[in-house]
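Me: I'm new to this one and would like to go through it slowly. Could you show it to me, and then I'll ask a few things?

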Amino acid sequence: MCSTCGCGQPDEVLISKPGKADLGHLEMHHHDEEHPHHHEHHHHSHAGGKTIVEVEQDILGANNKLAERNRGYFEAKNIFAINLVSSPGSGKTTLLERTLKDLKDELSISVIEGDQQTFNDANRIQALDIPVVQVNTGQGCHLDSDMVHRAVKELNPGENSLLMIENVGNLVCPALFDLGENKRVVIISVTEGDDKPIKYPDMFLSSDVCIINKTDLLPYVNFDVQKAKDYALRVNHHLEFIEVSATKGDGMDRWYEWLRKNRGK
Amino acid sequence: MHELSIVMSILEIADKEVKKANAEKVDSIELEIGTLSGVEMEAFDFAWEISVKDTVMEDAERKVHRTKAKAKCADCGHVFFAQTLYDDCPKCGQPFNEILNGRELRVKALTVS
């Protein structure tokens with residue numbers, strides 16, 4: 001059974017480079033053999049054939065440990081990794097494409113694309129001559145640190161580079177899964193409701209920056225930018241905001257400034 | 001529906017503990033799930049039901065401790081039980097706070113046989 005949603009589909013995640021046959025199926029929980037857990041606080045007691053085990057273990061511990069391993073890899077190679085999260089349709093891929101076009105002469109950039117199905121996004125990135133690996137999560141609703149670990153192995157990003165990880169379009173599930181990124185960037189667009197930050201607070205709590213996209217459409221929609229910011233700040237008062245139109249280019253300079261500034265840190 | 005990933009992670013932990021103890025199944029499992037952990041209990045129950053079939057946890061009794069979330073007002077320092085990630089401080093009314101706990105997601109203990 002599929003380990004992410006129990007749907008009866010095969011237990012597989014697909015990691016591929018555009019133009020190449022798939023690079024292998026990924027058993028969702030394969031990493032456990034490679035990275036055994038440690039149970040420092042292990043106590044056993046026996047009573048009538050039953051064993052009580054006090055595990056006191058973080059349920060997401062396996063993911064978090066591998067995320068730390070990814071983080072260590074990024075640090076060693078001075079790679080600045082960002083995790084782009086949003087609802088479907090907020091313009092993540094368009095923002096990414098624009099960023100790649102504008103910065104590819106200045107920075108070495110590679111991309112991990114996460115989607116349930118299709119190579120469409122990886123093909124869009126590939127068309128810009130940017131190294132990209134597509135992770136198809138199948139029925140999975142979020143990337144996890146194991147998928148990123150494997151994608152990074154395929155991608156082999158260079159030292160001092162920028163790694164953009166586009167998560168599966170979903171404002172709920174990816175929030176709990178650390179990928180080992182340096183910064184998490186949540187994107188909302190003005191065609192969504194301005195109360196998204198309090199409807200889906202976990203994602204805003206775990207993000208460092210909030211990009212408000214499609215600002216060129218503000219005259220045509222009821223989105224109140226200040227209200228959205230106020231809501232988001234209630235959830236996470238450390239959040240920074242950048243307003244952009246990824247299609248028209250407005251505000252993109254501020255985003256690039258943020259990338260340059262934080263990459264060096 | 002990340003609750004399924006979470007249930008699968010619990011199953012993984014349980015599987016390992018069963019093997020380690022040379023046991024066959026889990027009789028009971030104690031979990032700690034904070035009220036602001038991002039887990040929707042209805043989805044969690046559903047995920048549990050469909051995931052534990054034919055596993056070591058099929059007949060396991062499940063105890064869930066719901067840790068009540070606490071937040072500290074960023075302004076006046078008042079500590080209070082938080083219902084959401086964006087509660088106003090009940091003392092000074094200011095909306096910014098730090099969540100102190102309530103985001104726990106832990107397997108506390110298992111009984112295996």
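Me: Let's start with Glu56(A): what does 29% relative accessibility make it?
Reply: Keep in mind that this is a predicted model. Buried means under 20% relative accessible area and exposed means over 50%. Glu56(A) has 29% relative accessibility, so it counts as partly exposed.

Me: Which residue forms a salt bridge with Glu56(A), with the closest N and O atoms 3.2 Å apart?
Reply: Glu56(A) lies in strand 4 (residues 50–58) of chain A, and its partner sits in strand 6 (residues 105–112) of chain B, so the pair joins two chains. The closest N and O atoms are 3.2 Å apart, and the cut-off for a salt bridge is within 4 Å. The partner is Lys108(B).

Me: Lys108(B) also meets Glu32(B) in a salt bridge. How many residues apart in sequence are the parts that this pair ties together?
Reply: The side chains of Lys108(B) and Glu32(B) come to 3.9 Å, N to O. Glu32(B) is buried, at 14% relative accessibility. Since Lys108(B) lies in strand 6 of chain B and Glu32(B) in strand 1 (residues 26–33) of chain B, the parts tied together are 76 residues apart.

Me: Which residues are linked with Lys108(B) in a network of salt bridges?
Reply: Two of the links have come up already: Lys108(B) with Glu56(A), and Lys108(B) with Glu32(B). The network of salt bridges also takes in Arg106(B). Linked with Lys108(B), then, are Glu56(A), Glu32(B) and Arg106(B).

Me: Where does Arg234(A) lie, the residue that pairs with Asp88(B)?
Reply: Asp88(B) and Arg234(A) form a salt bridge, with the closest N and O atoms 2.6 Å apart. Asp88(B) is in the loop between strand 4 (79–81) and strand 5 (97–101) of chain B, so this pair joins two chains. Arg234(A) is partly exposed at 22%, and its place is in helix 8 of chain A.

Me: What kind of unit does helix 8 of chain A make with strands 10 and 11?
Reply: Strand 10 (residues 209–213) and strand 11 (residues 240–243) of chain A pair in the parallel sense over four bridges. Ile212(A) stands opposite Glu243(A) there. With helix 8 (residues 225–235), these strands make a right-handed β-α-β unit.

Me: And Asp178(A): is it buried or exposed?
Reply: Asp178(A) sits in the loop between strand 8 (162–166) and strand 9 (183–189) of chain A. Its side chain makes a polar contact with the side chain of Arg71(A) at 2.7 Å and reaches the backbone nitrogen of Gly180(A) at 2.9 Å. With a relative accessible area of 18%, Asp178(A) is buried.

Terms used
Residues are numbered from 1 along each chain as its sequence is written. Chains are lettered from A and ligands numbered from 1 in the order in which they are written. This is a predicted model: local features need pLDDT of at least 70, side-chain atom pairs count only at pLDDT 80 or more; totals for chains, interfaces and linings use all residues. Side-chain values use heavy atoms; hydrogens and water are left out. Two strands pair if DSSP finds at least two bridges between them. A crossover is right-handed if, with the strands pointing away from the viewer, the path from the first strand over the helix to the second runs clockwise. Buried means under 20% relative accessible area, exposed over 50%, partly exposed in between (1.4 Å probe, protein chains only). A polar contact is a pair of N or O atoms within 3.5 Å; within protein, one must be able to donate a hydrogen and the other to accept it, and residues adjacent in sequence count only if both atoms are side-chain atoms.
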